Amino acid sequence: MATHFARWTINSSYPSSSRLDPECFSYAQTLPERRRARFLASRTLLAELLFMLYGIKKLPKIITTVAGRPHFADRTFTDFSIAYAGNSVGVLVTTEGRCGLDMELPRSFGAIPSSLPTPAFSSNESTWINNQNDPTEARSQLRTLRQSVFKVTGSDEALQLIPGAGRLRVMNQSHIEAISDVEDILVWSCTVSPAIEKLSLWEFDGQGWMSLKDVPSRRSDPDGRIIRFTSQPYEKALFPN
């Protein structure tokens with residue numbers, strides 16, 4: 001299974017790509033200016049990533065569910081997830097199963113927290129947060145993690161996190177895995193069901209691609225803040241030995 005996370009810091013001009021069809025540009029014109037720029041940026045990034053990885057020359061047709069989740073009309077294609085933070089757009093794709101991506105700007109960038117309701121952290125989560133060098137940053141990391149899981153499952157009400165042990169559990173979801181990191185310019189979380197296995201990270205500059213430091217290198221960094229969560233049986237999470 002292959003999982004790829006790509007991001008792009010866009011400028012004020014509208015991004016465009018020859019890999020988008022006229023229907024995509026027509027729809028963009030119906031959107032307010034800021035949403036239009038983000039929409040075109042996300043579709044451009046996704047189209048360029050699919051071309052770079054698989055040689056797909058045109059972005060396949062995308063439809064949106066009633067809940068607002070975009071996916072390819074041909075469900076045999078790879079699943080993807082889109083996220084925004086400031087003027088950065090991110091795309092996550094996986095070749096098997098479902099995926100979810102969320103991003104935030106670090107506090108040092110004057111980030112405004114997500115408009116979603118602030119989650120009530122559990123005792124396990126609060127203990128982990130308070131043991132980190134920057135508790136505010138740690139809360140942001142868990143927020144992005146929860147939202148990335150939500151994009152996969154459609155609900156975070158039954159989500160249990162044990163950050164210190166790198167474990168998570170979602171009711172009715174037997175296999176799920178998540179990776180989250182805090183960088184100087186971005187806080188991000190990637191979730192995939194059934195598993196991420198290998199995660200490749202990419203940066204797009206509007207013209208070409210740069211491969212970013214991989215997960216093993218980030219984990220071995222003494223100043224790194226990357227965390228990886230794997231699922232465990234729900235009953236075991238509720239009734240540990």
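This is a predicted model: local features need pLDDT of at least 70, side-chain atom pairs count only at pLDDT 80 or more; totals for chains, interfaces and linings use all residues.
## Overall make-up

The protein has 241 residues, and 47% of them count as buried. Its secondary structure consists of 6 helices and 13 strands.

The accessible surface amounts to about 12,400 Å², and carbon and sulfur atoms account for 51% of that area. Contacts can also be sorted by separation along the chain. Taking those between residues at least 6 apart in sequence, 60% join residues at least 24 apart.

## Strand β10 and its partners

Strand β10 covers residues 187-193. On one side it is joined to β6 (residues 98-104) by 7 bridges, and the two strands run antiparallel. Gly 100 is placed opposite Thr 191 of β10.

Strand β9 (residues 177-182) is also antiparallel to β10, with 6 bridges between them. Here Glu 177 stands opposite Val 192 of β10. The link between β9 and β10 is a hairpin of 4 residues.

## Burial of β10

How many of the residues in β10 are buried? The count is 7 of its 7 residues, and the strand is described as mostly covered. In a regular strand, side chains alternate between the two faces of the sheet. In β10, one side carries Val 187, Ser 189, Thr 191 and Ser 193, while the other carries Trp 188, Cys 190 and Val 192. Every one of these residues is buried, and both faces of the strand are covered.

## A buried glutamate

Glu 104 belongs to strand β6. Is Glu 104 buried or exposed? Its relative accessibility is 9%, and buried means under 20%, so Glu 104 counts as buried. The side chain of Glu 104 makes a polar contact with the side chain of Ser 140, at 2.6 Å.

## Cysteines

A search of the whole structure finds 0 disulfides. Cys 190 is therefore in no disulfide by the cut-off used, which asks for sulfur atoms within 2.5 Å: the nearest cysteine sulfur, that of Cys 99, is 8.5 Å away.

Cys 190 has a relative accessibility of 0% and counts as buried. Cys 24 is buried as well, with a relative accessible area of 12%.

Technical notes
Residues are numbered from 1 along each chain as its sequence is written. Side-chain values use heavy atoms; hydrogens and water are left out. Buried means under 20% relative accessible area, exposed over 50%, partly exposed in between (1.4 Å probe, protein chains only). Contact means heavy atoms within 4.5 Å. Accessible areas come from the Shrake-Rupley method with a 1.4 Å probe; for residues, only the protein chains shown count as cover. Two strands pair if DSSP finds at least two bridges between them. A polar contact is a pair of N or O atoms within 3.5 Å; within protein, one must be able to donate a hydrogen and the other to accept it, and residues adjacent in sequence count only if both atoms are side-chain atoms.
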